[in-house]
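Colleague: I have a structure to look at. Please walk me through the ligand site and then the aromatic rings.

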Amino acid sequence: MATRGGFSSRLGFIAAAAGSAVGLGNIWGFPAEVGAGGGGAFVLMYLIFCFILCFPVMVTEIAIGRKTQKNPVGAFNALGFRKWNFVGKIGILSGFLILSFYNVIAGWAFGYIFEMATSNFAIAEQFSAFKMQVFKVGGYGLVFMVVTAYTVSKGISGGIEKAAKFLMPALIIMMLVLIGYSFTLENSGAGLAFYLLPDFSKINGVVMYNALGQAFFSLSLGMGALITYGSYVSKKDNIISSAALITLADVGVAVLAGMLIFPLLGFITEGNIGDGQMATAGPDLIFVTLPKVFEQIGSFGAVVGAGFFVLLCFAALTSTVSLLEVPVAYVVDEKGIKRNRAVWLVAGFIYLIGIPSLIGNGYSEFFTNFITYIGADSPTSFLGFIGSVANDSLLPLGGCLIVFFAAHVWKKHNLDAELSVGNPSYEGSFLQKYLNFTISYVAPLALGVIFILTVLGTFFGIHLI
Ligand code: PHE
């Protein structure tokens, strides 16, 4: 253990794992999905999926990590199932791919801090042009990657944990202040009503599919990020209660992000949030619509706007750190390369494979109109393509295989034994039965279905829902 390092305390682990979970997915992705369709109905489905379906997957990942004290590939080997280590490899590939474009978006958010601080609200109309200034935004992304790599290079307790212990509370405080402010705006109530009152008639297959995908991504599941973080957890800790706190923190921040953004949308649409006059979905929600709000709110606009993007960057940073830690842990454990070297090598490589995602937003015609899926009317950019492959396909596939493996290959009693370490009352509890059942049947099935629906629907234009 001494050479591998570990979290210094249970709280340190929870802060870091919650930091991984809380990211662009919560503060931008979640409200954007709510705005795209479903409103409160989406929120309800999201909450249900987080707790009943994703929480058991999280527990499983952490248990595999802590049992083996290894990265996602080494973990399968250490349990004696080398043949299954392809699941870990898929996870590491996902980490690579996700970080490569996630960092590009984080770079935009980073750049927007300066745009807002200098009251350049006109950027709202120039977002497309902004993305095309590839040297400038590529520079922002580079800074973001360097900060990520520096944090990871400092190790688990000295880098990742330390950063999370500062960034997470700071994020929550900033969020509460901004929420307080957004509530004072006119028509904020109309925004909140759209967000919080579920219209059950809107619940359909597509809303459920989106909600589960969002929950899964948001909790950082399916690629072994939590196997990796779990591998640094003490045997004294209670995995179940830690996972519950991580889930609560993630869901809590997503819900709070909605309470910040929907009042702002209520304000700018003068209460007519559902009428489509403002973008409430996709990247435009954050990079086009919100700057317009900040402009409208007058003298505080620059502070509130810059504060919002600082918050977004804090959230993104604790996630990029976890995305980088997964391949780094693999290289350190399996290839025997020293952490510091491994970190800079891997980070440099990921930055390079992110370049097509960077330039595929108008600058390079080839990467902008990268691929037209079967049955689609318009092409998808490289960034969108990687998102569909990694987030929407590989994560559910990885998650499906991880839980299937734990329940049916490694076997439930071994999982139960690990979950009982640090939690003696687990064996025989209702929770044990519930988790066993979910991990054995419900989760692999649901995630497998999501995977198939994505592959057929996205890539082949066969829409079963
Ligand atoms: N959960 C992070 C977010 O919501 C993204 C992430 C996914 C991080 C998978 C690590 C692993 O933004």
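Modeller: First a definition: Ala, Val, Leu, Ile, Met, Phe, Trp, Tyr, Cys and Pro count as nonpolar, Asp, Glu, Lys and Arg as charged, and the others, Gly among them, as polar. This is a predicted model, where local features need pLDDT of at least 70, side-chain atom pairs need 80 or more, and totals for chains, interfaces and linings use all residues. Residues are numbered from 1 along each chain as its sequence is written, and side-chain values use heavy atoms, without hydrogens and water.

Colleague: How many residues surround the ligand?

Modeller: There are 14, with A21, G25, Y102, F217 and S220 the closest; near means a heavy atom within 4 Å. The shell has six nonpolar, eight polar and no charged residues.

Colleague: Which polar backbone atom is 2.9 Å from a ligand nitrogen?

Modeller: One of F217. A side-chain N or O atom of S220 is 3.0 Å from a ligand nitrogen, and a polar side-chain atom of N26 lies 3.4 Å from a ligand oxygen. The cut-off for such N or O pairs is within 3.5 Å.

Colleague: New topic: how many aromatic pairs?

Modeller: 41, with ring centres of Phe, Tyr or Trp (its six-membered ring) within 6.5 Å; planes under 30 degrees apart are stacked, over 60 edge-to-face, the rest tilted.

Colleague: Why is W108 with F287 edge-to-face?

Modeller: Because their planes are at 85 degrees, with centres 5.7 Å apart. W108 is in α5 (residues 85–117) and F287 in α13 (residues 282–296), 179 residues apart.

Key. Polar contact = N/O pair within 3.5 Å; in protein donor to acceptor, adjacent residues only side chain to side chain. Helix = DSSP H or I, 4+ residues; strand = E, 2+ residues; numbered from the N terminus.
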